[in-house]
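Reader: I am new to this structure and would like to know what stands behind the words used for it. Please set each value against its definition.

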Amino acid sequence: MSWLVETHRRLWSSGIRSSPFLHSSLDFSFTSSSNLCSYARLRLATPSTTFVDVTTTGSYTPRTVPERSSRTTAAMAQTFQNKSFVLNSVNNVAFEDRPIPTLTNPTDVLIEIKQTGICGSDVHYCTHGAIGPFILRAPMVLGHESAGIISQVGPAVKTLKVGDRVALEPGVPCRHCPRCKGGHYNLCVDMKFAATPPYDGTLAKYYVLPEDFCVPLPSNVSLEEGALMEPLSVGVHIARQASIKPGESVVVFGAGPIGLLVGAVARAFGAGKIVIVDINEERLNFAAKFVQGAGIYIPQKGLSAAENAAALLKAHNLPETGVDVAVDASGATPSIQTSIYVLRTGGTYVQAGMGAPEIQFPIVEMCAKELTVKGSFRYAEGDYRLAVELVASGKVDVKQLITGRVKFEDAEEAFEAVKNGKGIKTLIAGPE
Ligand SMILES: NC(=O)c1ccc[n+]([C@@H]2O[C@H](COP(=O)([O-])OP(=O)(O)OC[C@H]3O[C@@H](n4cnc5c(N)ncnc54)[C@H](O)[C@@H]3O)[C@@H](O)[C@H]2O)c1
Ligand SMILES: [Zn+2]
Ligand SMILES: [Zn+2]
């Protein structure tokens, strides 16, 4: 039973002795794992049914693991210290209790999460377990679109206090690499981004961030709106990449949350004619109301990209020479191709949608028109603050995007809504 002694030592050295768990008797059950080293699952006999993984050769990992679902259900009725919504493996999610994260840097703050939105990337990790090079290799808390209330501040925190309401910017860059120093921290190769493996996300009661990645919400901006600052910041970054100027004509492909928000930011930036394109009529009808004065266009089947571009320009009395800016927020190949044909010479194209990794692209058209072609990835300095300002000043009404609300215990419903393209945004409240 030397493993037991060793386990005890590890728990002790990792500070668990100070936890209320150790005041109760330990009830051990032992399972052996064929692939790794021997493995002990300790059931700490407390009312809160908490588990701790301890390997007898690896280092102690403070995480809780789900037991059989009957137990998980039973545990749900009990008190959690940090209830978390965890993706264990493809299509296998569970509620778990996790340790409350500790502040590691003096400028860190602990946030009690109050509202979280779900987007396509959360769902993609659920259904595929990977996005590009980011592969789920261990259980991961989902969620990255959150707002909450500061519940603890580190000793060097200057700008926030307990009780402040904030939107969470969920990616913390290294701050030292050339990209970070150049002001493009969204391009940091050492980014720690919520719910991107191996980093846990925000669908938990508590989450830790450095103070400068928490953006305070003014009193007229709700926590629900705060959770929408993440996709709005994506929209702000796209509109900035496109350098949209007053009076310019803009075509946005895709009327999902991102396309809608790009349209709304373009309007706030003073764009002239805005046309939103989608194959889903319901979404387009919503877009026409959401982006003031926007026109809509459904691509016609059987037409080439060049023909659809010409038909769009004609339908909206735009010059047949093309528009100033085109943005793809659909990821669909026909949208990307049509974007290039719909632009004027010297126009600007921004790719925001992430669909097929390789496509056929009208490269000669791009070259001959001398287009500016850019990518757009997440958000960087100032995008979150501008997003909050656009909402606080009434220029963008993100409340309209909230088409569903569920309790934390029903988080899976929000994932289903995204999966089925139901509504625009379903927010998850809590956990309480
Ligand atoms: N660049 C970034 O930082 C960033 C951040 C978030 C999301 N994204 C990407 O942006 C895209 C949009 O995100 P979302 O959350 O709004 O997704 P979404 O799936 O809700 O919206 C995509 C929309 O595109 C429409 N569409 C599909 N095929 C089309 C076609 N052929 N022509 C026109 N419209 C078509 C769909 O009907 C849908 O309404 C996704 O590809 C997502 O991965 C990028
Ligand atoms: Zn998102
Ligand atoms: Zn960096």
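Reader: Why is Arg-405 called partly exposed?

Author: Arg-405 has 15 other C-beta atoms within 10 Å. A residue is buried if 20 or more other C-beta atoms lie within 10 Å of its own, exposed if 12 or fewer, and partly exposed in between, with C-beta atoms placed from the backbone. Arg-405 is therefore partly exposed. This is a predicted model, in which local features need pLDDT of at least 70, side-chain atom pairs count only at pLDDT 80 or more, and totals for chains, interfaces and linings use all residues. Residues are numbered from 1 along each chain as its sequence is written, while chains are lettered from A and ligands numbered from 1 in the order in which they are written.

Reader: Where does Arg-405 lie, and what does Arg-405 touch?

Author: Arg-405 belongs to strand S22 (residues 402-407). Helices (H or I, at least four residues) and strands (E, at least two) are DSSP runs, numbered from the N terminus. Not counting residues up to four places away in sequence, Arg-405 touches Thr-426, Leu-427 and Ala-429; two residues are in contact if their C-beta atoms, placed from the backbone, lie within 7 Å. Glu-224 is 181 residues from Arg-405 in sequence, and their C-alpha atoms are 9.7 Å apart in space.

Reader: What makes Ala-380 buried?

Author: Ala-380 has 22 C-beta neighbours inside 10 Å, so it counts as buried. Its place is in the loop between S21 and H12. Ala-380 touches His-184, Tyr-185, Asn-186 and His-237, leaving out residues up to four places away in sequence. From Ala-380 to Leu-187 the separation is 193 residues in sequence and 8.6 Å in space, C-alpha to C-alpha.

Reader: How do you know whether Ala-195 is buried or exposed?

Author: For Ala-195 the count is 23 other C-beta atoms within 10 Å, so Ala-195 is buried. Ala-195 is not a glycine, yet has a positive phi of about 60°. Ala-195 lies in the loop between S13 and S14.

Reader: Which peptide bond is cis at Pro-198, and which at Pro-431?

Author: The bond joining Pro-197 and Pro-198 is cis, with omega about 5°. Pro-198 is in the loop between strand S13 (192-193) and strand S14 (206-210). From Gly-430 to Pro-431 the peptide bond is also cis, with omega near 15°, and Pro-431 lies in the segment after strand S23 (425-429). Most peptide bonds are trans.

Reader: Why are S5 and S9 called edge strands?

Author: Three strands form an open, antiparallel sheet in the order S5-S4-S9. Strand S5 (92-97) and strand S9 (140-141) each pair on one side only, and these are the edge strands. Two strands pair if DSSP finds at least two bridges between them. Strand S4 (residues 83-89) and S5 pair over six bridges, so they meet that definition. Leu-87 stands opposite Val-93 in S5.

Reader: What makes up the largest nonpolar core?

Author: The largest nonpolar core has 105 residues, and those with the most contacts inside it include Ile-111, Val-251 and Val-262. H7 gives the most to this core, with eight residues. The core draws at least three residues from each of domain 1 (96-227 + 402-429) and domain 2 (233-375), with domain bounds from an automatic or database domain assignment. A nonpolar core is a set of buried Ala, Val, Leu, Ile, Met, Phe, Trp, Tyr and Cys residues joined through C-beta atoms within 7 Å.

Reader: Which residues come nearest to ligand 1?

Author: Of the 29 residues around ligand 1, Gly-254, Gly-256, Ser-330, Gly-331 and Ala-332 come nearest; a residue is near a molecule if its C-beta atom, placed from the backbone, lies within 6 Å of it. H7 gives the most to this shell, with three residues.
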